[in-house]
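Here's a quick tour of one model, going from a single residue out to the sheet, the cores and a helix. Have the viewer open as you read.

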Amino acid sequence: MSGECITMAHGGGGRSMQRLIQEVLLPAYGNPATDGREDQALLPWNAPEGTRLAFTTDSFVVDPLFFPGGDIGALAVHGTINDLACGGAEPLALSCSMILEEGLDIALLRRIAESIGRCSRDAGVPVVTGDTKVVARGAADKIFITTSGVGRVASDCRLSSAQAQAGDVVLVSGPLGNHGATIMCARGDMALQTGLRSDTAALHRATARLLDACPETRCMRDATRGGLAAILNEIATASGLTIRLQEGELPIDEQTRGVCELLGLDPLYLANEGVFAAIIPATAADRALHALAQDPVTRHARVVGNVSSGNPGLVLQTGMGGERMLDLLSGEQLPRIC
């Protein structure tokens, strides 16, 4: 990557971001804890019965700061909780760091802080520490938030993208693309009038239900930047297998589908903030769906595809009987969505 500069595409969850991580960041860190390329690191912990510590961190730069169904504060809490939850962890506590631009309205900051507090209390995962810095006017864009989280993982929980096996099925927990479509419609340059709302939600209670009902779950990933297509490409690469999606089974709300058709976007690449995908044995599908149906956040979960041997990659089987590859995007569909 010599001679290149950072572009917006490096934060979009696609091919450019993967190259940045693979060629610049991971070699520099040189830490075995990052080898699995999951959304959280599992660390040894001096706790009874082999319990492990999960640790994750994330930054949030959404534009606009407030949108139908959520705001940057809700994203910060839910996003970090969900990264822990999809690693099989019980989230325990969060930290919250803010970079504030000079001139930010304190009333706006108070709204964001209240949202962070409300969402963390509703999830039962407290914010226990934090930090605040102020930069000169024009050196940031109102507010940037970084949250970190810790959780505990039971000794018998072993999730990994590399564990997918031929014959498994792909489960998604809810409708796809609603967050990304909502952000696009909420921006001043579009300002489309729709009933769309972000799906931002904490998933830890639903993932715990799934693991209780289906302890043989191979892996779970929340479908944030790059959408469902990005995380399934990563799982296919890690496992060396082919993942096939059935177009007719994909849960996409009609308004999201309409916005995507209007703007030339693909909902499979749009960010979600309250949806995860899981790879599970086919024999466990009924148990898994029954468990997720008990949680209001995942009541629309369904099986959308399967895993098979073959070249690593993601394939969409269309309603017309054809197939097309769903590769990682080289650029980005939408900037600053989470």
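Skipping its neighbours within four places in sequence, Ser161 is in contact (heavy atoms within 4.5 Å) with Glu38, Cys219, Arg221, Ile235, Ala238 and Ser239. Ser161 is found in the loop between β7 (143–153) and β8. Its relative accessibility is 3%, so Ser161 counts as buried; the cut-offs are under 20% relative accessible area for buried, over 50% for exposed and partly exposed in between, with a 1.4 Å probe and protein chains only.

Some ground rules: this is a predicted model, where local features need pLDDT of at least 70, side-chain atom pairs count only at pLDDT 80 or more, and totals for chains, interfaces and linings use all residues. Residues are numbered from 1 along each chain as its sequence is written, and side-chain values use heavy atoms, with hydrogens and water left out.

Now the sheet. Seven strands form an open, mixed sheet in the order β9-β11-β8-β12-β10-β13-β14. Helices (H or I, at least four residues) and strands (E, at least two) are DSSP runs numbered from the N terminus, and two strands pair if DSSP finds at least two bridges between them. At the edges sit β9 (219–222) and β14 (323–325), each pairing on one side only. Inside the sheet order, β8 (residues 168–172) and β12 (residues 302–308) pair in the antiparallel sense over four bridges, and Val172 stands opposite Arg302 in β12.

What about the nonpolar cores? These are sets of buried Ala, Val, Leu, Ile, Met, Phe, Trp, Tyr and Cys residues joined through side-chain atoms within 4.5 Å.

| Core | Size | Some members |
|---|---|---|
| Largest | 27 residues | Leu228, Leu232, Leu245, Leu250 |
| Second, separate | 24 residues | Ala76, Cys96, Met98, Ala123 |

In the largest core, the four leucines in the table touch the most other members. Two or more residues each come from β8, α6 (227–239), β10 (242–246), β11 (276–281), β12 and β13 (313–317), and α6 gives the most, with six residues. Take Leu250: not counting residues up to four places away in sequence, Leu250 touches Leu176, Leu228, Leu245, Arg257, Leu268, Arg302, Val304 and Leu316.

Last stop, helix α4 (residues 178–186). How many of its nine residues are buried? Eight of the nine are, leaving the helix mostly covered. Among them are His179, Thr182 and Met184. The buried residues of α4 pack against β3 (66–67), α2 (72–85) and α7 (254–263).
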